[in-house]
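Colleague: Hi! Could you walk me through this one? I'd like to start with a side chain and its surroundings.

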Amino acid sequence: MAQTMTQGFLRNFLGNSPLWYKKVILAFLIINPIVFFMPGAVPFVAGWLLILEFIFTLAMALKCYPLQPGGLLAIEAIAIGLASPQTVMHEVEGNLEVILLLVFMVAGIY
């Protein structure tokens with residue numbers, strides 16, 4: 001069966017997650033830079049939007065493995081300038097225990 005490049009990407013993107021979830025995460029990744037760079041917008045709004053999106057990925061932990069899209073959202077936050085890599089590294093160093101707890105709890109729930 002022949003597949004297009006788009007079909008192959010959607011099939012492999014985020015593993016066995018439902019198609020609607022994959023589309024929602026792609027929409028998040030597209031909307032965030034638009035909100036951040038919108039004329040007259042406040043980066044504060046984009047930051048809170050990103051936090052709500054990350055909470056959504058955690059809330060979906062029983063249906064979809066949330067660490068992959070959560071990581072994509074974090075990388076996007078750095079890419080669009082919501083945080084610097086140095087700030088992220090500092091926060092990871094200070095909260096490594098909590099991050100590991102979250103990773104293993106989510107993996108256990110999934």
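Colleague: Which residues does Glu76 touch, not counting those up to four places away in sequence?

Modeller: Glu76 touches Phe28, Leu29, Ile30, Asn32, Pro33 and Leu50, leaving out residues up to four places away in sequence. Keep in mind that this is a predicted model.

Colleague: Thanks! And where does Glu76 lie?

Modeller: Glu76 lies in helix α4.

Colleague: Is Glu76 buried or exposed?

Modeller: Glu76 is buried, and yet has no salt bridge. The nearest side chain of opposite charge belongs to Lys22, and that one is 18 Å away.

Colleague: Good to know. Switching to pockets: what volume does the largest pocket have?

Modeller: The volume of the largest pocket is about 790 Å³. There are 22 residues lining this pocket, and the closest to its centre are Phe54, Ala74, Val88, Val92 and Ile99.

Colleague: Which elements give two or more residues to that lining?

Modeller: Those are α3 (43-59), α4 (67-80), α5 (85-94) and α6 (96-109). The largest share, seven residues, comes from α4.

Colleague: And what does the lining of the largest pocket look like by class?

Modeller: By class, the lining has 17 nonpolar residues, four polar and one charged.

Colleague: Nice. One more topic: where is Gly40 found?

Modeller: Gly40 sits in the loop between α2 (19-37) and α3.

Colleague: Why does Gly40 count as exposed?

Modeller: Because its relative accessibility is 80%, and exposed means over 50%.

Colleague: How many Å separate the C-alpha atoms of Gly40 and Asn16?

Modeller: Those C-alpha atoms are separated by 39 Å, with Gly40 and Asn16 being 24 residues apart along the chain.

Technical notes: Residues are numbered from 1 along each chain as its sequence is written. This is a predicted model: local features need pLDDT of at least 70, side-chain atom pairs count only at pLDDT 80 or more; totals for chains, interfaces and linings use all residues. Side-chain values use heavy atoms; hydrogens and water are left out. On a 1 Å grid over the protein atoms alone, a cavity is a set of points where a 1.4 Å probe fits but cannot get out, and a pocket is an open set with protein on both sides within 12 Å along at least five of seven lines; lining residues have an atom within 4 Å of a point. Grid points are joined across faces, edges and corners, and a volume is the space filled by probe spheres set on the points. Helices (H or I, at least four residues) and strands (E, at least two) are DSSP runs, numbered from the N terminus. Ala, Val, Leu, Ile, Met, Phe, Trp, Tyr, Cys and Pro count as nonpolar, Asp, Glu, Lys and Arg as charged, and the others, Gly among them, as polar. Buried means under 20% relative accessible area, exposed over 50%, partly exposed in between (1.4 Å probe, protein chains only). Lys and Arg count as positive and Asp and Glu as negative; His and the chain ends are not counted. A salt bridge is a side-chain nitrogen of Lys or Arg within 4 Å of a carboxyl oxygen of Asp or Glu. Contact means heavy atoms within 4.5 Å.
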